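Good morning, and thank you for making time on the agenda.

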Amino acid sequence: MSDVDTKLLRCFQAVFPALTEEQIRTAVRGNTPQWDSLASLLLARTIEESFGLEADLELMNHLESFDALRAFVAERVGA
Amino acid sequence: MKLLEALEILRSPTASDAPRLNVYLGCGFTPIYLETYLRAHLKQRLPDHVSEVKSGLFGDLAGNLERLVESNEIAGLHACVVVIEWPDLDERLGFRTTAGWRPENLPDVIANVHWSLDRIAKAVDRIGDRIPVVCSTPSLMAAPLSFAPPEQGDAMFWTVEAALSKCALRLAGNERIRIVNPRCLDSVSPPAGRADVKSTLAAGYPYTLEHTDVLAQALASFIVPRQALKGLITDLDDTLWLGILGEAGVDGVQWTLECQAQIHGVFQQFLQSLADAGILIGVASRNDPELARQVFERRKDLLVKAGSLFPREVNWGAKSHSVTRILRAWNIGADSVAFVDDSPMDVAEVAAEHPDIHGFVFPKDDPAAVVDLLRKLRGLFGKSSISAEDKIRAASLSARETDGCAADSKSASEEFLAAANATVHFDCTNPPQGGRALELINKTNQFNLNGRRYTEAEWQNFLRSAGAFVCVVEYQDRFGPLGRIGVVAGIGKEHALQVTTWVMSCRAFSRRIEHACLRYLFSHAGARQIEFLYAPTPRNGPVRDFLASLLGTAPSGACIVDRDTFDAACPALYHEVVVHAPATEPTASPRE
């Protein structure tokens, strides 16, 4: 498991405490009831904080699934 | 605290039947991050509680508060937090509207600020009549809408500041309302690093996470205040005064500006102000006791009264032993006490013997660090008001010691008790006057039936419950008054009382006041038996021992004492009993 994967999983677990690891890895915004607009804001800020990213709209655009975010973050941190 | 840490604190498990702490967060912005941090800080302070934070509509702080006052929701709340920001006073003071910053708009902005503050203050005042309120005034810079340069405090700036101060002053007059001190906030959250304009525009959230953390911590500290410390033990040489008494002599130790010893004088006046607020001040010094006695007798320029320093343990033994004797005289635990000494070694030696004590090195060569220390100590000893009991606490301890009446004397003789001319006063007014009853309940550790603490709202809810009774116990004898030293509260049931809370100050031990309390409950309430919701805590051995003396065996949980058992075990009582407020006396049958 990569460092990005581990840290991203921790962010998801903090924002969605009721989801299992498996549910998080397959989570898609459209089919995850807990993933509302407020959860998106929390998730974006925890990801920015954990990976030292600047807050930007591009991150918000990738708040669609765990996989999409992992790919985006990995690219941004050069992992 | 990082946001991720805050979220993870909230994830930590709590029992399914954990008590709830319901808080209303009144603000005009999206509460998201502040709510998260507030809950996390509340959880850190009350780990066994589940905190729920509710909020109102975006952009309508005054309306949210007005609706809260009128709603039934307020009855289920434990506290209300009100966070005022500039757009709550006039939208033009923020950035999410563009209603015009032309000079001719400014008088209207000012008028709007007055109107909004008046609405907010009225609503907060009414909420404060029901539940505790914590309020913070705007902590961001207002938008640069005035034509004057920002460095200049122009008429508009001061008019708005004056309106805010007037509003805060008005609210501070309500004993249930606490206002965050903006100057203290400045010292821990640099003003330039507070605003997150990007977030304001994108999500309606105005603060950086760093400032959110600081603000939430301040707010939580008022909702769940830490118990203030009760006593401070100070060293003498190079702490209370500059110089070594054995070398400089009685007239050579100093604490004045002229002698370049001012910071020691400042420390002395700080100690006197603590003493005047009911904090016990003791002395632990390795020194010649006779020389020290002469300083306190001859040096009339001392800024702390010699009578305020009790006990004074001046000897050549270990500091930790002196501290042990002082704690015994005060009859309080080390965790309620601060120890201040210029010697790091002595602070460490005392900490090794008393790990719970709050030890501080007095930084005699760094006046700025001394001022920081005084602020820290003020935080540990701070209280919102000074009660009558605070004013007599030290004097009563000292008087008892002088008369040979040891605080922990379990074997106080019959002659001594019979000659004490003691009066026990029971005041059953519900709700009790002032905040002393709740203060006693929340700070008493040793004679405490079960260690149960109450938030103010929980306490008020209890007092309103069917059959609830509360008796505040006051005591005095020939050595002087102890003031209000006990609270017994519970529920009246059919031919019985259930005591849910019972606390008594450790200053009042060995006077058979606990027996007088039970005799009063049996005789005035007509109860055949009393159920005590006893629960063992690490510190409440005195209650266990008392109940064991009645029952013949130490209880492990709730227990029942009937009247015959009590009468058989009760020793002779010599108190005169005075009862107040018979209309609300406890009764062993439920009230309608």
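**Salt bridges and cysteines**

Over all chains, the structure holds 32 salt bridges. Please bear in mind that this is a predicted model.

Let me begin with chain B. Arg119(B) and Glu66(B) form a salt bridge through their side chains, with 2.8 Å from N to O. Which parts of the chain does this pair link? Arg119(B) sits in helix α5, residues 106-128 of chain B, while Glu66(B) belongs to helix α3, residues 61-70 of that chain; the two are 53 residues apart, and the pair links distant parts of the chain. Arg119(B) is partly exposed, at a relative accessible area of 24%. Glu66(B), at 30% relative accessibility, is also counted as partly exposed.

The next pair is Lys364(B) with Asp238(B), whose side chains meet in a salt bridge at 3.5 Å, N to O. Lys364(B) is in the loop between β10 (358-361) and α15 (367-381) of chain B, and Asp238(B) is in the loop between β6 (231-234) and α10 (245-248) of chain B, so this contact ties together parts that lie 126 residues apart in sequence. Are the two partners buried or exposed? Lys364(B) is partly exposed at 31% relative accessibility, whereas Asp238(B) is buried, with a relative accessible area of 10%.

A further salt bridge in chain B joins the side chains of Arg299(B) and Asp301(B), at 3.1 Å from N to O. Here Arg299(B) is buried, with a relative accessible area of 9%, and Asp301(B) counts as partly exposed at 36% relative accessibility.

I turn now to the cysteines. How many disulfides are there over all chains? With a cut-off of 2.5 Å between cysteine sulfur atoms, the count comes to zero. Cys167(B) counts as buried, at 7% relative accessibility. In chain A, Cys11(A) is likewise counted as buried, at 0% relative accessibility.

That concludes the presentation. Thank you for your attention.

Key: Residues are numbered from 1 along each chain as its sequence is written. Chains are lettered from A and ligands numbered from 1 in the order in which they are written. This is a predicted model: local features need pLDDT of at least 70, side-chain atom pairs count only at pLDDT 80 or more; totals for chains, interfaces and linings use all residues. Side-chain values use heavy atoms; hydrogens and water are left out. Buried means under 20% relative accessible area, exposed over 50%, partly exposed in between (1.4 Å probe, protein chains only). A salt bridge is a side-chain nitrogen of Lys or Arg within 4 Å of a carboxyl oxygen of Asp or Glu. Helices (H or I, at least four residues) and strands (E, at least two) are DSSP runs, numbered from the N terminus.
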